[in-house]
Amino acid sequence: MRKHNPFIPEKIFISKSSYKDDIVKNTLKRFGKSEIIILKDKEKPDYSMYKPVEKGKKWLFFTKNTGTILKPCPCTPTCISCRYFVLNPILNCNFDCAYCFLQLYLNNPVITVHTNFTDFDRELSSLKSSYPGKFLRIGSGQWSDSLSMDDFLDISPKLINKFKNLPGTILELKTKSSMVDSILECQKPYKNIIISFSVNPDTIIKEQEYKTAGLLERIDAAKRCQERGYLIGLHFDPIIHYPGWEEDYYNLIKYIFSHLEKKRIMWISLGSLRFAQKLKPVIQSRFPKNPLLTGELIPGKDKKLRYFKKIRISLYRFILNQIMRYDKDAFVYLCMETKEVWEKVFGFSLKNDEELIFRFDLQIDKRIM
Amino acid sequence: MILRNIKIDDINLSDYTFSFRYPIEQNSVFYFDDVILSFPVILRKVVDCPFQIISGFDRVDQIKQREKDEITALIYSKEELSDVNAFILNFYLEKNRKPLNSVEKGIIIKKLLHYGVSEKKMIDEYLPLLSLPSFKGCLDEHLIILEMPEDIKIAVAGEFPLKIAVKLNDFKNGDALCLFHLLYDLKPGINKMNEIITLTHEISQREKIEIKNLINERLFYNIINDENLSNPQKVEKIRGELQKRRYPVLTKTKNEFHETLELLHLPPSLKITHSPYFEDNTVKLNAQFSSPYELKKLGNLILKLSEEDLIKKLLETI
């Protein structure tokens, strides 16, 4: 079993106005030996003398978010969107997945914790009024791993506390770690809190998802969440095409369904490897021997590099068929895919985003209402 | 500092401490005797050693070739002119005399760093003097080139792109040289050079073969040595073959699509095309006509086509 690498920040930067926040105090108690630098508000850590991605993952910066806290998931143009919303308590991640878009995306590469991460009441009520009668699905795993630093930040329990029993709202905590203790210690499980795990064959985890927990650790953590009463989600994302992928994904799915209770799986997403073209040189330079880029990647309609359509379809069909062998009622959806691919994989065509959102609402109704 | 005539034999002609000329053997500027007289070389006196040339390697060479035994020189002592100042003096004089090639710039950077100039000063002050952009990557690229095989260095001192040479540095020596010779001989543009490097690298990584073995395969060997093909034609053929090998599923789909399309025997006024990279599940039909009669004829043909099994097959290929 492989536990994920514990995070020990080399330097901790704190904006003056965040200094007295509990989350900062707890972190300083834990990492007394790290160098601590107090910055003026609006001042940012200076990483100009270093390689930004490498250094950014070793430094921690506490500050207040002065912008929007709850944002629509950017998805990608030309694809079917599931109208997901993302919270950003943390920007950047202590894990180091070779394919991660954050290597390119963030203006400030330092792992940034927003100490006011729960101040989104007004934004949430505005969202709810924009989508009356609809479930809002909100996740904190877009800009960082939701749980990987919970051992000292303890963000998830606070988010759970905020969302618990909030009608019409689902909070999804997404992780590649096995750090679920703080969630399991919560008073009780809540129906509208989904703990989700990214899954991949162990060969891919070892080769591409540096510093994350191994597959067995993740599935064990997922099992513990189910046993505690939580619904879990599974994200086959990114699915990688490589020699031997069929056997590895076959075994992965077999392992998942022999260890997890299928009725307590809320949803399963499938998404194949995709990334902005500008990320390619970053991956090449940071991981020169990594075989990730040798797949048949072509520019898709959104100009992102993704596997040639026939390959994507064969990946999805195979994995979908394997899942269906174990659970015919599983709720499986494609992440960031075109309606052409949806049609070829599922045999039905989604006319627009609303159709997918309707299916999500039905699933939520079925599982938790 | 004094001005005096010095015997050529008293000058150490093999001391290149303050030179950055690359390649050493290159056509130098011709100097008339009178010019050499009024434009003295600069030497440095080192105790118990022959004179070191600080500036004027070409002039000393030419005087020697003309079998003269003396040259007019400005002479500094070591106390008057330290190593770093002597090098900077030569650098300033030379950079205004002739354009510097990328290897020479690399040598200058390396020597200045060796003399203790800080990296920051090098980036902020010296790179602009060398007409280079002020960033560390640029400094590193010029240092990398100095470590490369002589063939590549000589090419970079000429017209071979530095960026491509630096890219080749990521490969094993044998692979780098093989790719270099291919690109140097065929001389494609820089974008095509980049593409060929990327394709060969990714194929070699996926198939776990060495790049030199890939390029030496009979298929590529035959293209490279085909006397009936021009260089641009060879480049296109090589690119095409590499593309096929790098993207086998895409290539197979393209072939199936075009083979089926050919079997439909469409007239030139009717064209069926697929979307870029076959991302759509649809194809486009383009019809050209200049009269209602032609339109009717095409309409009938399209109706007939809709009943053909080959159309179904064509749609299945995508």
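How many bridges join strand β2 of chain B to strand β4 of chain B, and do the two run parallel or antiparallel? Take a look at the first close-up of this predicted model to find out.

**View 1. Four strands of chain B line up in an open sheet.** The answer to the opening question is 5 bridges, and strands β2 (residues 41–45) and β4 (residues 70–77) of chain B run parallel. One spot to look for is Arg44(B), whose bridge partner in β4(B) is Tyr76(B). Across the sheet of chain B, the strand order is β1-β4-β2-β3, with mixed pairing. Strands β1 (2–7) and β3 (52–55) of chain B sit at the edges; each has a single partner strand, so one side of each has no neighbour in the sheet. Going from one strand to the next, the twist averages 45 degrees.

**View 2. Two helices of chain B pack on the sheet.** Helix α2 (residues 57–65) of chain B touches β2, β3 and β4 of chain B, and its direction makes about 125 degrees with that of β3(B). Helix α3 (residues 83–95) of chain B also touches β2, β3 and β4 of chain B, but here the angle with β3(B) is about 45 degrees.

**View 3. A nonpolar patch sits on the surface of chain B.** Phe30(B), Phe32(B), Val35(B) and Phe39(B) make up this patch, and together they have about 410 Å² of accessible area. Val35(B) belongs to helix α1 (residues 33–38) of chain B, and it is partly exposed, at 32% relative accessibility. Now find Tyr31(B), in the loop between β1 and α1 of chain B.

**View 4. Glu209(A) and Arg218(A) form a salt bridge.** Their closest N and O atoms are 2.8 Å apart. Glu209(A) is buried, at 1% relative accessibility, and Arg218(A) is buried too, at 0%.

**View 5. Asp220(A) and Arg224(A) pair up along a helix.** The salt bridge between these side chains spans 3.6 Å, N to O. Asp220(A) and Arg224(A) are 4 residues apart in helix α9 (residues 215–228) of chain A, so about one helical turn separates them. Asp220(A) is partly exposed at 32% relative accessibility, and so is Arg224(A) at 29%.

**View 6. A network of salt bridges links residues of chains A and B.** Its members are Asp302(A), Arg306(A), Arg312(A), Glu337(A) and Glu279(B). Over all chains, the structure holds 43 salt bridges.

Key. Residues numbered from 1 in each chain as written. Chains lettered and ligands numbered in written order. Predicted model: local features only at pLDDT ≥ 70, side-chain atom pairs only at ≥ 80, totals over all residues. Heavy atoms only, no water. Pairing = 2+ DSSP bridges. Axes fitted to C-alpha atoms, helices over the stretch in contact; angles between N-to-C directions. Contact = heavy atoms within 4.5 Å. Patch = residues over 30% accessible without salt bridge, like charges linked within 9 Å, V, L, I, M, F, W, Y side chains within 5 Å. Areas by Shrake-Rupley, 256 points an atom, 1.4 Å probe, with all protein chains shown as cover. Salt bridge = Lys/Arg side-chain N within 4 Å of Asp/Glu carboxyl O. Buried < 20%, exposed > 50% of the residue type's maximum accessible area, 1.4 Å probe, protein only.
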